[in-house]
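This briefing goes through one protein chain by topic, from the overall fold to single residues. Please keep the sequence and the structure open while reading.

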Amino acid sequence: MVDTLRSGWLTAGPKVRRFEESLREYVGSQHAVAVNSCTAGLHLALAACDIGEGDEVITTPLTFAATVNVILHQRARPVLADIRPDDYNLDPEQVERRITPRTRAILPVHFGGQPCRMDELLDIARRHGLRVIEDAAHALGARYRGRPVGSLGDATVFSFYPTKSITTGQGGMLTTDDEELARRVRLLSLHGLSHDAWDRYAAQGSWQYQVLAPGFNYVMSDVQAAMGIHQLARLEEFQATRQRYAREYTCHLAGLPGLMTPTVRDEVVHAWHLYVIRLDGSQLSVGRDRFIEELRGRGIGTSVHFIPIHYHPYYAQVLGYCRGDFPVVEAVYEGLVSLPLYPRMQESDVVRVAHAVRDTVCARRMG
Ligand SMILES: Cc1ncc(COP(=O)(O)O)c(C=O)c1O
């Protein structure tokens, strides 16, 4: 990063190109375009696929607002489909039932870092002529049937927000095998200009450019990319630690009445962005919110991913969904708790958290 600052080339330059090339190679895609957030990348993917007014995009209710907001930014309609009760990912059967003549794309989210059932989703997309744009904010490092996430759908977007597998402070990357889509995303990421900054300001560049589309300012800076290059080099190490800690949590908590540990499907490698337990309300004398408060009282901070999209007042109003529309996500949400999981934790922290969770469950178990 210091080298980048001293070079004088602070944005959209050689470090960005290097980071793109490294990540492209890592996931095994044909193209990679760095952007300044996953949100920006998702927005660009939709725009590059010409998804707009009157179009429908099917996605999950168990996601962060950004997934749905980008669809609305394009004046398209987010159509929610319920999740599976085992891995909390989109249920392909529910997706197929929501397809209408207006459906243009499926936007799966690899919840917590576990890849969705991509064979089924890609098959539905192929049969109905839809694009598949993956929100892989949680899933850098994950694999599906041996293939890295990032090489599966029409476009995949990763996040480098500080809590993610690797970070650039803020940042994201779109990967694709579709050359035209990559070209369009790159164009739209820098105001729709015909040449990017590197071409214009490099020694052989020209001052001339043309605006070919009303684009955005979504490019990554070289300072961010410099951080990303070094973070990516440590991804395997970070992933191994996350995996070890996830295993440790499961070792301590599996089989405990009143609590369910995550189900990991056989055909995937989980990226373990999140370790999400599910409390069984029928066996405990306290609800999830109170459980979280009790853990906080023991000095342990947890979170909930996510409040279902249709519970938020804005989406309820504009999308017209009600409570009861998505029974699986609604039941699952009542018990979700994300435990602390990050590479800088110590093994002793993991054990302490696991013991506190176990003690709280045991103290609050009925019968
Ligand atoms: C599922 C999901 N999608 C998208 C995003 C947005 O990522 P970014 O902050 O890089 O825009 C997040 C952020 O946490 C997320 O959890």
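**Surface, fold and local detail**

The chain exposes about 16100 Å², and carbon and sulfur atoms supply 49% of that area. The model is a predicted one. Its secondary structure comes to 14 helices and 13 strands. The radius of gyration is 21 Å, close to the 21 Å that the globule rule gives for 367 residues, so the chain is as compact as a globular protein of that length.

**Whole chain**

- The C-alpha trace spans about 75 × 50 × 35 Å along its principal axes.
- Of the 367 residues in the chain, 56% are buried.
- Among contacts with a separation of 6 or more, 71% are between residues 24 or more positions apart.
- The side chains include 40 positive and 42 negative ones, and the centres of these two sets are 4 Å apart.

**Domains**

- The chain is divided into two parts: domain 1 covers 2-233 and domain 2 covers 235-363.
- Their C-alpha centres lie 26 Å apart.
- Contact between the domains involves 46 residues of domain 1 and 36 residues of domain 2.

**Helix 9**

- Helix 9 runs over residues 222-232 and is mostly covered, with eight of its 11 residues buried.
- The buried residues of helix 9 are Asp222, Gln224, Ala225, Ala226, Gly228, Ile229, Gln231 and Leu232.
- An α-helix has 3.6 residues a turn, so residues three or four places apart point the same way.
- The cover over the buried residues of helix 9 includes helix 1 (2-7), helix 2 (14-27) and helix 10 (235-253).

- Met118 is found in helix 6, which covers residues 118-128.
- Met118 counts as buried because its relative accessibility is 0%.
- Beyond its neighbours within four places in sequence, Met118 is in contact with His110, Val132, Glu134, Tyr144 and Leu152.
- One of these partners, Glu134, is 16 residues from Met118 along the chain, and the C-alpha atoms of the two are separated by 9.8 Å.
- Arg290 is found in helix 11, which covers residues 288-297.
- Arg290 has a relative accessible area of 46%, so it is classed as partly exposed; the exposed class begins over 50%.
- Arg290 and Leu274 are 16 residues apart along the chain, and their C-alpha atoms are separated by 21 Å.

**Backbone details in loops**

- The peptide bond that joins His305 and Phe306 is cis, with omega at about 0 degrees.
- Phe306 is found in the loop between helix 11 and helix 12 (313-319).
- Arg145 is not a glycine, although it has a positive phi of about 45 degrees.
- The loop that holds Arg145 is the one between strand 6 (143-144) and strand 7 (147-148).
- Trp272, also a residue other than glycine, has a positive phi near 50 degrees.
- Trp272 is placed in the loop between strand 11 (268-269) and strand 12 (275-279).
- With a relative accessible area of 8%, Trp272 is buried, because the buried class takes in values under 20%.

Key
Residues numbered from 1 in each chain as written. Predicted model: local features only at pLDDT ≥ 70, side-chain atom pairs only at ≥ 80, totals over all residues. Heavy atoms only, no water. Helix = DSSP H or I, 4+ residues; strand = E, 2+ residues; numbered from the N terminus. Rg over C-alpha atoms; globule rule 2.2 N^0.38 Å. Buried < 20%, exposed > 50% of the residue type's maximum accessible area, 1.4 Å probe, protein only. Contact = heavy atoms within 4.5 Å. Areas by Shrake-Rupley, 256 points an atom, 1.4 Å probe, with all protein chains shown as cover. Lys, Arg positive; Asp, Glu negative; His and termini not counted. Charge placed at Lys NZ, Arg CZ, Asp CG, Glu CD. Domains from an automatic or database assignment.
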